[in-house]
Amino acid sequence: MDAPSRRTILTAAGLATLSGCAKYGEPSGSPAPAPANAVLGKTTDIPVGGGLIFAPQRIVVTQPTKGTFKAFSSICTHQSCPVASVANGTINCDCHGSKYAIATGAVVAGPAPRPLPPEQITISGDSITLT
């Protein structure tokens, strides 16, 4: 039996390496849907004119004006990077600079091609619950 050539070994190693790679910015695996009726936090945790990212649930909750709460997916629509911050009235993705409006999830700075998808929340007392 002949030993494999150096080219065969390098080709096999390269294919094995490539098969384990994900596209840059893609979350590993499929996003697990956040469980319904999961309490995310308290309304007092969400600053007026800002928001808070709930990374495990892949949700960002904002309070554009006092007492108004909105929720969106925290996964950027450009290349599926998780958004990194909420500041100065926008939800911000650090991967390529996309910014979204905290009130609507609309793109205010690209390269994101679409708004952040809305998520359903319920406010009961001071609790924010994913519905």
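The following legends describe close-up views of a predicted model of one protein chain.

Residues are numbered from 1 along each chain as its sequence is written, and this is a predicted model in which local features need pLDDT of at least 70, side-chain atom pairs count only at pLDDT 80 or more, and totals for chains, interfaces and linings use all residues. Side-chain values use heavy atoms, with hydrogens and water left out.

**View 1. Overview of the protein chain.** Read from the N terminus, the order of elements is α-β-β-β-β-β-β-β-β-β-β. Of the 131 residues in the protein chain, 31% are buried; buried means under 20% relative accessible area, exposed over 50%, and partly exposed in between (1.4 Å probe, protein chains only). The accessible surface amounts to about 7,800 Å², and carbon and sulfur atoms account for 57% of this surface. Accessible areas come from the Shrake-Rupley method with a 1.4 Å probe; for residues, only the protein chains shown count as cover. Among contacts between residues at least 6 apart in sequence, 42% join residues at least 24 apart, a contact being heavy atoms within 4.5 Å.

View 2. Strand β3 spans residues 59-65, and five of its seven residues are buried, so the strand is largely enclosed by the rest of the structure. Strand β2 (residues 50-54) pairs with β3 in the antiparallel sense over five bridges; two strands pair if DSSP finds at least two bridges between them. Within this pairing, Leu 52 has Val 61 of β3 as its bridge partner. The β2-β3 hairpin has four residues between the strands, and Arg 58 in the turn adopts a positive phi of about 55 degrees. Strand β4 (residues 68-73) also pairs with β3 in the antiparallel sense, over five bridges. Two residues separate the strands of the β3-β4 hairpin, in which Gly 67 has a positive phi near 85 degrees.

**View 3. The disulfide between Cys 81 and Cys 95.** The structure holds one disulfide, a term for a pair of cysteine sulfur atoms within 2.5 Å. This bond joins Cys 81 to Cys 95, with an S to S distance of 2.1 Å. The torsion about the S-S bond is about -105 degrees, so the disulfide is left-handed. Cys 81 lies in the loop between β4 and β5 (85-87), and Cys 95 in the loop between β6 (90-92) and β7 (99-101), so the pair ties together parts that are 14 residues apart in sequence. Cys 81 counts as buried because its relative accessibility is 2%, whereas Cys 95, at 28%, counts as partly exposed.

**View 4. The cysteines Cys 76 and Cys 93.** The closest cysteine sulfur to that of Cys 76 belongs to Cys 93, at 3.9 Å, which is too far for a bond. Cys 93 is in no disulfide. Cys 76 is buried, with a relative accessible area of 4%, and Cys 93 counts as buried at 3% relative accessibility.

**View 5. The open sheet β5-β6-β7-β8.** Four strands form this open sheet, in the order β5-β6-β7-β8 and with antiparallel pairing. Strands β5 and β8 (107-109) stand at the edges with a single partner strand each, so one side of each has no neighbour in the sheet. Strands β7 and β8 pair in the antiparallel sense over two bridges, and Lys 99 stands opposite Ala 109 in β8.

View 6. The largest nonpolar core has twelve residues, among them Val 60, Phe 72, Val 83, Ile 91, Tyr 100 and Leu 116. A nonpolar core is a set of buried Ala, Val, Leu, Ile, Met, Phe, Trp, Tyr and Cys residues joined through side-chain atoms within 4.5 Å. Cys 76, Cys 81 and Cys 93 also belong to the largest core. Leaving aside neighbours within four places in sequence, Ile 91 is in contact with residues including Thr 62, Ser 85, Ser 98 and Ala 101.

**View 7. The hairpin of β9 and β10.** Strands β9 (residues 121-124) and β10 (residues 127-130) pair in the antiparallel sense over four bridges. The bridge partner of Ile 123 is Ile 128 in β10. The hairpin has two residues between the strands, and Gly 125 in the turn shows a positive phi of about 65 degrees.
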